Amino acid sequence: MEGNVLVKKLLPADNRRCSHNTKIHRKSRQVMIVNKAYRYRLYPTTEQKIMFAKTFGCVRFIYNKMLGDRLDYYKETGKKLNNTPAQYKEEFPWLKEVDSLALANAQMNLNKAYNNFFRNRKHFGKPRFKSKKTGHASYSTNNQHGSVRIEGNKVRLPKIGLVKLCLHRPLMENSTIKTVTISKTSSGKYYISILVEYENQILPIMPKKFLGLDFAMHGLYVASDEEDADYPHFLRKAEKRLAKAQRKLSKRQNGSHNRDKQRLWVAKLHEKIANQRRDFLHKKARYLVDHYDAIGIEDISVKAMAKYKKGGKFSFGKSVADNGWNMFTNMLEYKLAWQGKQLIKIDKWYPSSQLCHVCGYQNNETKDLSIREWDCPNCGSHHNRDKNAAINIREEARRISAA
């Protein structure tokens, strides 16, 4: 699975660091220091699974313990408490059994959540305690002097040793491992995400071929110059099987072996749906990125659309969650960036559905979502609502790129 890319530094072609200007110059060659993540399946032994479980538990414990102490201290004094994992190792000596950097990363995550809350309470919620009942567990550690490295078809991890993995593709050549994250899914599978740093020489492309994508509630998108995505609705197709499996789960006795088996089956069903969706979105994004230089999309709030109420009920939540629009746009963005291309976001208030792409006439009657086709009163052109919007988005993206 392709990982997200984070551009850390921008260097000119002669490898001198550019300290005053971090914009990409389209006419010159760029050397960027890039972070890229690779995700692999792990196959740990029984002893390694036990060690992973200990690390997951210790990371969760230290996060909750530090958060609880900070909240109590703030309640008593009104001040922040700067506590560290090292302060708890004497009281809880079993914390010394696991990787210390995993505990340090838990502290960093807590610091980020805590500081975000105090900086902007309207946007960031209050840090919450981690539960061991969610089924998903993870921890992160850093590579220090080769403490994390690939050896054949195995990866060496601190305190764990060599763990077998499915190396379905090699790491980038001349790259350096920075951090790794080990996770366990609800279905009991183990994965490792390896973040590497490397220099990427990229040739920014002057866009010639533009594409506009209009968000479609039930089909993912409508494209200006391509066929519609025709999203298969994996969640909708699996609803009956999921409902049946979850009914069985609800009838199983708590703590029984049969309940554990049924819970695992439900988790596998959900995991299959997520994998199908991710695979479909990756393939669609890759096709579009390979065929176009710039792609325009509307900068819409999917979260707000999911909460849109119609007749006092939530009407779009499941449809919006099923098609994975945000995941798809993230894939488009970093895949385009790899090739020196760009994703152009159009203002959400741009009237793409109201404008006639032939003459530019704005028809306010199309604010009614039930109008799927209309004729332009000015030039007489017949329009499909979504296809017309996609063409307008494409032309707006062209205008923004030329500005």
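Me: Is Tyr88 buried or exposed, and what is its relative accessible area?

Reply: This is a predicted model, in which local features need pLDDT of at least 70 and side-chain atom pairs count only at pLDDT 80 or more, while totals for chains, interfaces and linings use all residues. Residues are numbered from 1 along each chain as its sequence is written, and side-chain values use heavy atoms, with hydrogens and water left out. Buried means under 20% relative accessible area, exposed means over 50%, and partly exposed lies in between, with a 1.4 Å probe and protein chains only. By that rule Tyr88 is buried, because its relative accessible area is 6%.

Me: How far apart in space are Tyr88 and Lys65, C-alpha to C-alpha?

Reply: Tyr88 belongs to the loop between H1 and H2, where helices (H or I, at least four residues) and strands (E, at least two) are DSSP runs numbered from the N terminus. In sequence, Tyr88 and Lys65 are 23 residues apart, and from C-alpha to C-alpha the distance in space is 9.0 Å.

Me: How many salt bridges are there?

Reply: Side chains of opposite charge can pair when their charged atoms come close. The rule used here asks for a side-chain nitrogen of Lys or Arg within 4 Å of a carboxyl oxygen of Asp or Glu. Among the residues concerned are Asp225, Arg394, Glu395 and Arg398, which are linked in a network of salt bridges. By the rule, the number of salt bridges is 13.

Me: How many residues apart are Glu97 and Lys54?

Reply: Glu97 and Lys54 form a salt bridge whose closest N and O atoms are 3.3 Å apart. This pair links distant parts of the chain, with Lys54 in helix H1 (46-77) and Glu97 in the loop between that helix and helix H2 (100-119), and the separation is 43 residues. Glu97 counts as partly exposed at 40% relative accessibility, and Lys54 counts as partly exposed at 39%. The separation asked for is thus 43 residues.

Me: Which helices hold Arg277 and Asp322?

Reply: The side chains of Arg277 and Asp322 meet in a salt bridge, 3.3 Å from N to O. The pair ties together parts that are 45 residues apart in sequence, because Asp322 lies in helix H7 (residues 317-323) and Arg277 in helix H5. Both Arg277 and Asp322 are buried. The helices are, for Arg277 and Asp322 in that order, H5 and H7.

Me: By about how many helical turns are Asp290 and Arg286 separated?

Reply: Asp290 forms a salt bridge with Arg286, and the closest N and O atoms are 3.2 Å apart. Asp290 is partly exposed, with a relative accessible area of 42%, and Arg286 is partly exposed at 24%. Because Asp290 and Arg286 are four residues apart in helix H5, the separation is about one helical turn.

Me: What is the phi of Lys159, in the turn between E5 and E6?

Reply: Strands E5 (residues 154-157) and E6 (residues 161-166) pair in the antiparallel sense over four bridges, pairing being counted if DSSP finds at least two bridges between two strands. Lys159 is exposed, with a relative accessible area of 52%. Within this hairpin, which has three residues between its strands, the phi of Lys159 is positive, at about 70°.

Me: What is the phi of His233?

Reply: Most residues other than glycine have a negative phi. His233 is found in the loop between strand E10 (220-223) and helix H3 (234-237), and at 23% relative accessibility His233 counts as partly exposed. Although His233 is not a glycine, its phi is positive, at about 60°.

Me: Which helix gives the most to the positive patch?

Reply: Patches are made of residues with over 30% relative accessible area and no salt bridge, with like charges joined within 9 Å and nonpolar side chains (Val, Leu, Ile, Met, Phe, Trp, Tyr) within 5 Å. The positive surface patch is formed by Lys244, Arg247, Lys248, Lys251, Arg252 and Lys261. Arg252 lies in the loop between H4 and helix H5 (257-291), and at 32% relative accessibility Arg252 counts as partly exposed. With four residues, the helix that gives the most to the patch is H4.

Definitions and conventions. Areas by Shrake-Rupley, 256 points an atom, 1.4 Å probe, with all protein chains shown as cover. Lys, Arg positive; Asp, Glu negative; His and termini not counted. Charge placed at Lys NZ, Arg CZ, Asp CG, Glu CD.
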